[in-house]
Amino acid sequence: MKDHYPNPGFLSFEEGKVNGKVHWKSPSNIALVKYWGKYGMQFPKNASLSMTLSKANTQTSIEYYSTQKKPTREFYFSGEENDAFASRVWKFIDSVEPVFPFIKHLNLKIETSNSFPHSAGIASSASAMSALALCLVDMEKNILGTLDNDYEFEKKASYIARLGSGSACRSIYGGYGLWGQAKSVHLDSDNKFAIPYNEGIHPFFHYLKDAILIVDDSQKEVSSSMGHSLMDDHPYSDDRVAQADHNLLELAQALKAGDQNVFIKIVENEALSLHALMMTSDPWFLLLKPNTLAILNKIRQFREKTGKFVAFTLDAGPNVHLLYSQNDEVEIQAFINNELRPLCFNQQIIFDETGGGPQKII
Ligand code: DP6
């Protein structure tokens, strides 16, 4: 960590001399080429590409106040104390202290909340960790007067978000985010942080709708860390990296060419490959539910019948993201309501879309 962002040295603050508040809203994202498997300090085994969402987001604020006494810490999730969540956040904040040496001189009050219900089965770590990282780099900007340039600010926010949760580093950018070294796709791509991937994208893909079909709203059966570790000794580990590299290049070309068929082919292959890797791990995990399979089949039948652009993707769970164009919104929402909604748990669907990236509130 020190190699990339050196500690600017000892800092001491007089009581209350440094104080302020930062507040960010940061979105979740859905991977089109999946990050699955990591090594070292949260480096990905393969590069991934995601679409940033709009409505599924986390808002986080940090109030800070310098002190020469033992600093105090307060944490609230949706206005309430939450020990489990707090301990994850403080552990992360302690871990990035070498990068933000001022942290140990500050009383901190963190308030955070999600726009989506905790039980909705949406992974919240991408939005939560990106919002927290943005607050931390914004504090650095206020306190040390660094990171004046947007590019450096976002790069460092993405770097810090990655340390909190790999997928979070892609949420720093609106549109599409690319994380991991893939020089054939973009010369600036890097394992340490994500970069925006929006230049030259065909207008058809500038903006997509994403209906998140909630098949099961229970907590994740497999934690991300556990999931990634399954790739360490996986028999298909090397082939997976080769497959992801190939899929990423094809998808990047399809996004630029506006090739809808290749987009569908790659995105669905990535979703099913992620689950195939889990099913063939030791121990194995089978996270697809009967209604997940029923939904996937209905999506394929609908596409074959109508010729419409519909593509599904999946996270490490049973819920389905259905991607479609706003040009077909009326017809596809009718399909969703008539055929897919009955297969969802409590008929739950979250309608989201491509988002413009995080927003600074204060
Ligand atoms: C299946 O980013 O949640 O959603 O780095 O351990 O926090 P950690 O993992 P996490 O993994 C996300 C895996 C995925 C695919 C993806 O988002 O690329």
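**Helix pairs and salt bridges**

Biologist: In this predicted model, Glu270 forms a salt bridge with Arg240, and their closest N and O atoms are 2.7 Å apart. What makes this pair a salt bridge?

Modeller: A salt bridge needs a side-chain nitrogen of Lys or Arg within 4 Å of a carboxyl oxygen of Asp or Glu, and the closest N and O atoms of Arg240 and Glu270 are 2.7 Å apart, so the pair qualifies.

Biologist: Why are α5 and α6 called roughly antiparallel?

Modeller: The axes of α5, residues 237–257, and α6, residues 260–279, cross at roughly 155° and come within 9 Å. Angles over 145 degrees count as roughly antiparallel, so the two helices are given that name. The crossing in which α5 passes α6 is left-handed.

Biologist: Which residues of α5 and α6 meet?

Modeller: On the α5 side they include Arg240, Gln243, Ala244 and Leu251, and on the α6 side they include Val262, Phe263, Ile266 and Glu270. Sorted by class, the contact of α5 with α6 has nine nonpolar, four polar and four charged residues.

Biologist: How do you know that Lys45 and Asp232 also form a salt bridge?

Modeller: The N to O distance between their side chains is 3.6 Å, and the limit is 4 Å, so Lys45 and Asp232 meet the condition. Lys45 lies in the loop between β3 and β4, and Asp232 in the loop between α4 and α5, so this pair ties together parts that are 187 residues apart in sequence.

Biologist: Why do Lys45 and Asp232 count as partly exposed?

Modeller: Buried means under 20% and exposed means over 50%, with partly exposed in between. Lys45 has 24% relative accessibility, so Lys45 falls in the middle class, and Asp232, at 43%, therefore falls there too.

Notes
Residues numbered from 1 in each chain as written. Predicted model: local features only at pLDDT ≥ 70, side-chain atom pairs only at ≥ 80, totals over all residues. Heavy atoms only, no water. Axes fitted to C-alpha atoms, helices over the stretch in contact; angles between N-to-C directions. Helix = DSSP H or I, 4+ residues; strand = E, 2+ residues; numbered from the N terminus. Parallel < 35°, antiparallel > 145°, perpendicular 65-115°, else oblique. Left-handed = near helix turned anticlockwise from the far one by under 90°. Contact = heavy atoms within 4.5 Å. Nonpolar A, V, L, I, M, F, W, Y, C, P; charged D, E, K, R; others polar. Buried < 20%, exposed > 50% of the residue type's maximum accessible area, 1.4 Å probe, protein only.
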